[in-house]
Amino acid sequence: YVEGQEPGSIISQEQIRERIGIIKPYTSWIRTFSCTDGNELIPAIAKENGLKVMAGAWLGDDREKNEEEIANLISLVGSGKADLVAVGNEVLYREELTEEELLGYIRRVKKEVPDAQVGYVDAYYEFVNRPSLTEACDVLFTNCYPFWEGCHIDYSLVYMKSMYYSVLKAAKGKRVVISETGWPNIGTAFESSEPSTENALRYFINTQKWSLEDDIELMYFSSFDESWKVGAEGDVGAYWGLWDKDGKLKY
């Protein structure tokens, strides 16, 4: 979302093309969170630009909206626009669906697009604590945020590794992708986690080095700062990007 937009805003092809143009030289993949309100246009434009796509349907407590998201996701995958498929994002964490309801959506998508790599995105411990969820997924998309667990920057990489390897153990040979990790550069500290330019850079560099050296599949959060996120996360919410809200590289 650009400045002045938030979930529910309609995003245009023009802004998608502009922002993909900015990030394209730096990455080989992008991740989407929704298949409605213009987000369903992102995968095709990403593919035009040679990027691979992890496409996601946003699920919540609005059942009608969920149906639209799922239908659009199935259509995207069927047309070859998605390399990885995420059915829902942190919906268990938000307690907006039960595990059984979520499993129903996952099974529907797998049935409709049997050749796709289908999974679900949530905090690492959900996969450790919910064997039925782990069993239902072809690939486990795990969000690993030492920042949100109050971890000091000095121990953040070790802590993220422990999160990842706990999911890898639960996965029993299935593919595991870190679907989100990051560190904000501005805002109020959360316990021992302190936002700063130095800490954000240090976390990014440590994460990239580990990913390259140990061949860890990893999506970094996030591309751009987004002002609307202060509502749910406090002042740090707006400062997770590698680029600022205007598309300027921050570091």
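Okay, a definition to start: a residue is buried when its relative accessible area is under 20%, exposed when that is over 50%, and partly exposed in between, with a 1.4 Å probe and protein chains only. Those areas come from the Shrake-Rupley method with a 1.4 Å probe, and for residues only the protein chains shown count as cover.

Housekeeping next. This is a predicted model, where local features need pLDDT of at least 70, side-chain atom pairs count only at pLDDT 80 or more, and totals for chains, interfaces and linings use all residues. Residues are numbered from 1 along each chain as its sequence is written, and side-chain values use heavy atoms, with hydrogens and water left out.

Let's do cysteines. C137 counts as buried because its relative accessibility is 1%, and C35 is buried too, at 0%. How many disulfides are there? The count is zero, where a disulfide would be a pair of cysteine sulfur atoms within 2.5 Å. For C35, the closest cysteine sulfur is in C137, 16 Å away, so that is too far for a bond. For C137, the closest one belongs to C144, and at 15 Å that is also too far for a bond.

On to charges. Side chains of opposite charge can pair when their charged atoms come close. I'm calling something a salt bridge if a side-chain nitrogen of Lys or Arg is within 4 Å of a carboxyl oxygen of Asp or Glu. Searching the whole structure gives 16 of these.

Take R31 and E180, whose closest N and O atoms are 3.0 Å apart. That pair links distant parts of the chain, with E180 in strand β6 (residues 175-180) and R31 in strand β1, 149 residues apart. Helices (H or I, at least four residues) and strands (E, at least two), by the way, are DSSP runs numbered from the N terminus. Are these two partners buried or exposed? E180 is buried at 6% relative accessible area, and R31 is buried at 15%.

Then there's K65 with D37, at 3.5 Å between the closest N and O atoms. K65 lies in helix α3 (residues 63-78) and D37 in the loop between β1 and α2, so this bridge ties together parts that are 28 residues apart in sequence. K65 itself is partly exposed, at 27%.

One more: R130 and E126 meet at 2.6 Å, N to O. E126 is buried at 8%, while R130 is partly exposed at 22%. Those two also join E99 in a network of salt bridges.

Now, R31 has a second contact. Its charged end sits over the ring of F33, 3.9 Å from the centre. The rule there is NZ of Lys or CZ of Arg within 6 Å of the ring centre and within 35 degrees of the ring normal. R19 does this as well, lying over the face of F224 at 4.0 Å from the ring centre.

That brings us to the rings. A pair of aromatic rings is described by the distance of the centres and the angle of the planes. Here, rings of Phe, Tyr and Trp (its six-membered ring) pair if their centres lie within 6.5 Å; planes under 30 degrees apart are stacked, over 60 edge-to-face, and the rest tilted. By this rule we get 19 aromatic pairs.

One of them is Y1 with W228, edge-to-face, at 6.0 Å centre to centre and 90° between the planes. Where do the two sit in the chain? Y1 is in the segment before α1 (13-23) and W228 in the loop between α8 and α9 (230-233), 227 residues apart. Y1 is partly exposed at 23%, and W228 is partly exposed at 32%.

Back to F33: its ring centre is 6.5 Å from that of F221 with the planes at 75°, so this pair is edge-to-face. F33 is in the loop between β1 (29-31) and α2 (42-48), F221 is in the loop between α8 and α9, and they are 188 residues apart. F33 is partly exposed at 28%, whereas F221 is buried at 14%. Both belong to a cluster linked by ring pairs, whose members include Y145, W183 and W240.

Last stop, the surface. L201, I205 and Y251 make a nonpolar patch of about 240 Å². I205 is in helix α8 (residues 197-214) and is partly exposed at 45%. Patch residues need over 30% relative accessible area and no salt bridge; like charges are joined within 9 Å, and nonpolar side chains (Val, Leu, Ile, Met, Phe, Trp, Tyr) within 5 Å.
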